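Please read it alongside the sequence and the coordinates.

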Amino acid sequence: MIIPEFTLENVLKIYFYIAIFATVLFVLKLFIFSVFGGDSEVHSDFTSETDADISFNFLSIQSILAFLMGFGWMGYTCIHQLGIETHLKTFLISFCIGVIFMFLNAFLMFLVRKLEKNVKADKNTALNRMGKAYTSFAPNSMGQVEIEISGKLTVENAMNATDDQINSFDPVRVIKVVDGLLYIEKV
């Protein structure tokens with residue numbers, strides 16, 4: 001078995017191949033994520049799957065590819081452009097840049113995941129608000145209203161709390177909220 005020598009030219013090739021491989025996979029993964037959407041990480045990554053958790057995924061496939069990309073390109077640059085001929089110095093500089101790339105990628109993915117946060121609308125914010133009947137309500141019966149809840153216009157189930165008929169598109173006001181059900185009256 002022939003063991004290759006770690007000459008400067010061979011080490012330069014190793015850094016170059018690592019950089020090309022990681023860059024192609026990184027770009028391919030980003031392309032697939034942007035075209036098909038969804039979760040960018042495989043469930044076997046070191047992530048937690050809770051509804052309220054927006055984890056800082058340091059050890060994800062994307063972050064590891066970012067590390068290899070930064071490591072490879074910096075190693076190639078150290079040898080090819082900067083003329084650093086010490087293998088240890090090149091390795092340490094490349095490793096530090098790779099870790100910086102890894103942290104930057106993890107931090108950016110953390111920020112992107114914060115944008116995906118679903119805000120649960122608090123129906124209590126609809127109390128004493130005006131809206132309009134979406135459907136007709138018989139006296140003391142259920143129907144739907146169009147009303148703003150937590151700053152978002154939505155259609156919600158409601159109960160006519162009066163003995164009056166409420167027609168579609170009549171203005172209504174929410175008089176109470178019980179267990180997420182809006183009780184309304186005609187205005």
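1. Residues 24 or more positions apart account for 55% of the protein's contacts with a separation of 6 or more, a contact being heavy atoms within 4.5 Å.

2. On provenance: this is a predicted model, in which local features need pLDDT of at least 70 and side-chain atom pairs count only at pLDDT 80 or more, while totals for chains, interfaces and linings use all residues. Numbering starts from 1 along each chain as its sequence is written, and side-chain values use heavy atoms, with hydrogens and water left out.

3. The protein has three helices and five strands, in the order α-α-α-β-β-β-β-β along the sequence. Both kinds of element are DSSP runs numbered from the N terminus (helices H or I, at least four residues; strands E, at least two).

4. Of the 187 residues in the protein, 30% are buried; buried means under 20% relative accessible area, exposed over 50%, and partly exposed in between, with a 1.4 Å probe and protein chains only. The accessible surface comes to about 12100 Å², and carbon and sulfur atoms hold 64% of that. Areas come from the Shrake-Rupley method with a 1.4 Å probe; for residues, only the protein chains shown count as cover.

5. Helix α1 covers residues 8–36, and its 29 residues should span 42 Å at 1.5 Å a residue, which agrees with the 42 Å between its end C-alpha atoms. The expected span is 1.5 Å times one less than the number of residues.

6. Which residues of α1 are buried? They are Val11, Leu12, Tyr15, Ala19, Ala22, Phe26 and Lys29. These buried residues pack against α2 (61–80) and α3 (87–115).

7. The five strands form a closed barrel that runs β1-β2-β3-β5-β4, with mixed pairing. From one strand to the next the twist averages 50°, with axes fitted as lines to C-alpha atoms (for helices over the stretch in contact) and angles from 0 to 180 degrees between N-to-C directions. Two strands count as paired if DSSP finds at least two bridges between them.

8. Strand β1 (residues 130–133) pairs with β4 (residues 171–178) in the antiparallel sense over three bridges. Lysine 132 has proline 171 of β4 as its bridge partner.

9. The pairing of β4 with β5 (residues 181–186) is antiparallel over six bridges. Valine 172 is bridged to lysine 186 of β5, and valine 177 to leucine 182 of β5. The β4–β5 hairpin has two residues between the strands, and aspartate 179 takes a positive phi near 50° there.
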